[in-house]
Amino acid sequence: MPASTTAAPKGGRSANESPELIKAIPVRHPGRWAGAVLILGFAAMMIQSLITNPNFRWDIVGTYAMDVLVIQGIGWTLLLTVLSMAIAILLAIALAFMRESENPLFRSVSWVWVWFFRGTPVYTQLVFWGLIAVLYPKISMGVPFGPELFSFDTQDIVTAFVAAVLGLGLNESAYLAEIFRAGLKSVDSGQMEAAEALGMRKSKIMWRIILPQAMRIIVPPTGNETIGMLKTTSLVLAVPFTLDLTFATNGIANRTYLPIPLLIVAALWYLVITSILMVGQFYVERHFGKGVDNFSRTPEKKTAAKPAATAAAEGNDQASAESREEKL
């Protein structure tokens, strides 16, 4: 039987010819280029101003950047931040559990705590803690309306440093309590029911199942609150506590009559510490996001497309194999 031939259509391509590639013209974005030029121009102007303006007094900034009082102020600022956040986190966990408790008294106490400390300014609370010795000159323990067992002078216990830590920590606990509560609510309630069906205690369920999963939601805003706490320590002058970084730089500025260079010193150190905290936050987020966040970043394995000739050959081999099986 003669082989059939397929004639190419007049003025067209034969079946074996590949189609012509589309000559795509990229979309132009003049607005992006204009915005980039404006931003780069503004950045160049700012850099020129920082370098050429003599009022910044970069020589004074370099002189006092590593001053002893400044370094001590950094240490006290970090200590205030760490202790205040530790108190706030412990209280926030307890308040979040109380808010989700079935006991109406616990829920009411948690709600009132958050309402009060979140509803009043932190500066006002710091002033109050600085004047606590005026309101309660003596702290005593004993039987209510009965004999007194022992007492202490308030000024000996609640020093300026203790008052600053308490004021910052109690205020922050109200904000963290809502963050922790949101994290607990993000975990599906079915996991609690499944764990209870296995006979686990509620306390163990919270610490072993619910809280580890909620940390993925809790960590990012808690990191932001930690950075905010670092900068809020500049308000402890209201206690008054006079050893933090802001007060140290302000004291040097008052002696030298050069406030701007010392403000730059404080700003630079706050930026350095904040940058370190942001790096730590990144690694903590990555740790608690294992198995969830990494799934979306896992690259998919791409299979290379087989050539048409190879695919046709494989198809013919498969067809011949099927025909042999039918004959057998």
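This is a predicted model: local features need pLDDT of at least 70, side-chain atom pairs count only at pLDDT 80 or more; totals for chains, interfaces and linings use all residues.
Residues are numbered from 1 along each chain as its sequence is written, and side-chain values use heavy atoms, with hydrogens and water left out.

Let me begin with empty space. Rolling a probe the size of a water molecule over the atoms shows where such space is left. On a 1 Å grid over the protein atoms alone, a pocket is an open set of points with protein on both sides within 12 Å along at least five of seven lines, a cavity is a set where a 1.4 Å probe fits but cannot get out, and lining residues have an atom within 4 Å of a point. Points are joined across faces, edges and corners, and a volume is the space filled by probe spheres set on them.

The largest pocket holds about 480 Å³, and of its 16 lining residues the closest to the centre are Glu 100, Ser 101, Met 192, Lys 202 and Met 206. Two or more lining residues come from each of α8 (160–185), α9 (189–197) and α10 (202–232), where helices are DSSP runs of H or I with at least four residues, numbered from the N terminus. The lining has seven nonpolar, three polar and six charged residues; here Ala, Val, Leu, Ile, Met, Phe, Trp, Tyr, Cys and Pro count as nonpolar, Asp, Glu, Lys and Arg as charged, and the others, Gly among them, as polar.

The second largest pocket, with a volume of about 330 Å³, is lined by 17 residues, and Ile 89, Val 219, Thr 222, Gly 223 and Val 284 lie nearest its centre. Its lining divides into twelve nonpolar, five polar and no charged residues, and the largest share, eight residues, comes from α10.

What lines the largest cavity? The residues are Ile 93, Ala 96, Phe 97, Phe 180, Leu 184, Leu 211 and Ile 218, and this cavity has a volume of about 30 Å³. The most lining residues, three, are given by α3.

Turning to the surface, Ile 47, Leu 50, Ile 51, Trp 58, Leu 268 and Leu 271 form a nonpolar patch with about 600 Å² of accessible area together. The largest share of this patch, three residues, comes from α1, whereas Leu 271 lies in helix α12.

Finally, side chains of opposite charge can pair when their charged atoms come close. The structure holds four salt bridges, each a side-chain nitrogen of Lys or Arg within 4 Å of a carboxyl oxygen of Asp or Glu. One of them joins Glu 178 and Arg 99 at 3.3 Å, N to O; Glu 178 lies in helix α8 and Arg 99 in helix α3, so the pair ties together parts that are 79 residues apart in sequence. Another joins Lys 185 to Glu 100, with the closest N and O atoms 3.8 Å apart, and this pair links helix α8 with the loop between α3 and α4 (104–119), 85 residues apart. Through shared partners, salt bridges also join Arg 99, Glu 178 and Arg 181 into one network.

How values were computed:
Patches are made of residues with over 30% relative accessible area and no salt bridge: like charges are joined within 9 Å, nonpolar side chains (Val, Leu, Ile, Met, Phe, Trp, Tyr) within 5 Å. Accessible areas come from the Shrake-Rupley method with a 1.4 Å probe; for residues, only the protein chains shown count as cover.
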